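Please find my notes on this model below.

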Amino acid sequence: MHPVDLAIIVVYLAAMPAIGVLVGRRQRSAADYFIGERSLPWWAVCFSIVATETSTLTVISTPGLIWAASGNYNGLTYLQLPFGYIIGRTLVSFVLLPRYFKGQQTTAYAFLGQRFGSAMQGVSSVAFIVTRLLAEGVRLFAGAIPIQVILKHFGLHTSYWQIVVVLTALTVIYALVGGIKAVVWVDVIQLSVYIGGAIIAMIVLAGKLPDGWTSRAADAGIFRLFDFNFDVLHLLTSQYAFVTAVVGGAIFTMASHGSDQLIVQRFLACRSVTDGRKALIGSGVAVTIQFALFLFVGAMLWAHNGFRTLPELGVKGDDVFTNFITSELPVGVAGLLIAAILASTMGALASALNALSNSTVADLYQRFTKRAPEDSKLLRHGRIWTLVWAVVFAVFGSLFSNRNNPVIEQGLSITGYTYGAMLGAFFLGMWVKRARQLDAIIAFVVTVAVMAVVVLAVKIPPAPGAKPVVLAFPWYTLLGVLITLVVGGALSLRHRTADTTAPKEPEPV
């Protein structure tokens with residue numbers, strides 16, 4: 001590795017924890033630690049949301065989505081999914097977000113506690129913790145994969161566990177001391193780094209492309225944006241089908257950004273409902289622009305690689321951008337891109353640590369101990385749990401030793417098990433007034449069990465004799481919501497009147 005590239009990486013790794021500690025070192029209360037005393041500007045929260053949902057694999061893999069493994073091209077059709085994100089986040093900002101700002105709620109699951117009772121709040125919080133532990137722990141390891149490949153190319157031979165431990169240690173420094181303020185402001189910097197890296201890569205690529213490449217790209221379908229194939233089988237199994245991407249994407253993001261504490265904690269740090277809406281809807285627009293940017297990098301890489309398909313290149317789509325970074329970027333730029341990849345991993349991990357700590361303290365410790373400890377004690381508990389979850393993530397991510405372990409794929413798709421149940425529980429509480437706490441808990445557990453079967457075992461044969469394929473992931477959440485509402489609604493029919501045993505649901509503001 002060139003000394004300049006190495007210096008850039010070292011400076012970045014040292015600077016991020018230092019900046020985070022500097023920004024958030026003066027924590028006055030638990031509310032300050034978890035939701036920043038609801039004082040953060042909406043645009044910073046918006047960028048933090050985007051950074052939180054962006055992993056190393058997003059940065060590396062998105063350019064490769066231009067290609068299809070079959071030898072054809074997906075073009076820009078992946079952009080249909082964030083179109084659905086904008087719709088879903090707009091709905092969340094008007095349906096769910098006002099309820100979160102009513103009162104002193106610090107977690108998404110406090111609403112379920114108010115509507116049904118503490119047991120339902122605890123169940124949903126435990127589901128969130130398990131989901132985040134699996135998804136983020138595995139994503140931490142998965143993020144180490146391209147980092148190891150890049151470092152190996154530059155002569156630095158490292159193990160996966162070493163990368164996992166270093167990233168976790170550096171991240172926990174500012175997440176532990178600075179809380180949500182440090183996490184949000186470091187996210188803003190990290191987003192700027194990897195977006196800046198993508199723009200620089202485009203500038204470098206532009207000087208290497210042949211004349212008339214855009215015309216060839218248009219003729220080959222590289223710039224195709226919509227997939228209007230309405231064949232039922234295609235709609236069920238392809239995430240690139242228009243209806244699947246837009247409708248499924250909207251429901252999926254309603255769960256990920258409306259019922260997942262990882263994101264809800266972000267907009268709860270805003271100053272008002274209006275600012276929360278700006279942050280949430282703005283994140284949908286920003287992530288669409290981000291995907292468009294990385295997909296355009298993919299289109300440029302297609303031209304740079306001689307207009308060839310993946311079988312002709314002899315590589316996977318995930319490897320195209322990585323190979324370009326390691327072999328063709330000038331000195332300094334390669335270091336910046338590696339720093340950008342580190343940024344996306346550290347940002348997602350920091351967000352998960354703070355959200356897990358928040359949910360553990362507010363949804364579990366306070367609810368089940370039935371104590372109202374002084375604020376300084378809650379702040380101490382928050383920091384202790386941040387450290388605990390950092391150790392758990394490091395250990396969990398270090399358990400893997402190779403990239404072929406099938407647990408990786410299961411961990412990365414774990415949200416399919418729980419997102420529908422979580423969002424369905426919120427809708428059950430809002431729409432089915434007869435539903436009691438036991439109805440909601442049973443519906444939640446049944447949904448998770450059914451979705452586990454769907455995700456792991458249900459296969460759809462696309463044609464006689466063809467290899468069966470799975471249901472497209474955008475449909476998982478919608479299916480889970482429907483199961484929760486049907487089961488919970490059916491159980492609620494046992495009761496003749498609306499539920500009056502749980503605390504009254506707060507009116508939206």
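1. Contact here means heavy atoms within 4.5 Å. Leaving aside neighbours within four places in sequence, threonine 62 is in contact with Leu57, Phe291, Phe294 and Leu295. Threonine 62 sits in the loop between α4 (56-61) and α5 (80-95). Helices are DSSP runs (H or I, at least four residues), numbered from the N terminus; strands are E runs of at least two.

2. On provenance: this is a predicted model, where local features need pLDDT of at least 70, side-chain atom pairs count only at pLDDT 80 or more, and totals for chains, interfaces and linings use all residues. Residues are numbered from 1 along each chain as its sequence is written, and side-chain values use heavy atoms, with hydrogens and water left out.

3. Is threonine 62 buried or exposed? Threonine 62 is buried, because its relative accessible area is 2%. The cut-offs are under 20% for buried and over 50% for exposed, with partly exposed in between (1.4 Å probe, protein chains only).

4. Glycine 143 belongs to helix α8 (residues 118-153). At 2% relative accessibility, glycine 143 is buried. Not counting residues up to four places away in sequence, glycine 143 touches Thr56 and Thr345. Leucine 57 is 86 residues from glycine 143 in sequence, yet their C-alpha atoms are 6.1 Å apart.

5. How many aromatic pairs does the whole structure hold? The search finds 23. Rings of Phe, Tyr and Trp (its six-membered ring) pair if their centres lie within 6.5 Å; planes under 30 degrees apart are stacked, over 60 edge-to-face, the rest tilted. Phenylalanine 226 and phenylalanine 242 have ring centres 5.8 Å apart and planes at 70°, so this pair is edge-to-face. Phenylalanine 226 lies in the loop between α10 (213-220) and α11 (232-237), and phenylalanine 242 in helix α12 (residues 242-258), so the pair ties together parts 16 residues apart in sequence. Phenylalanine 226 is partly exposed at 34%, as is phenylalanine 242 at 25%.

6. Phenylalanine 252 and tyrosine 419 form a tilted pair, 5.6 Å centre to centre with 55° between the planes. The pair links helix α12, which holds phenylalanine 252, to helix α20 (residues 415-431), which holds tyrosine 419; the two residues are 167 apart. Both phenylalanine 252 and tyrosine 419 are buried.

7. Ring pairs also link Phe83, Phe226, Phe228, Phe230 and Phe242 into a cluster.

8. Leucine 399 lies in the loop between α18 (375-398) and α19 (406-412). Leucine 399 counts as exposed, because its relative accessibility is 63%.
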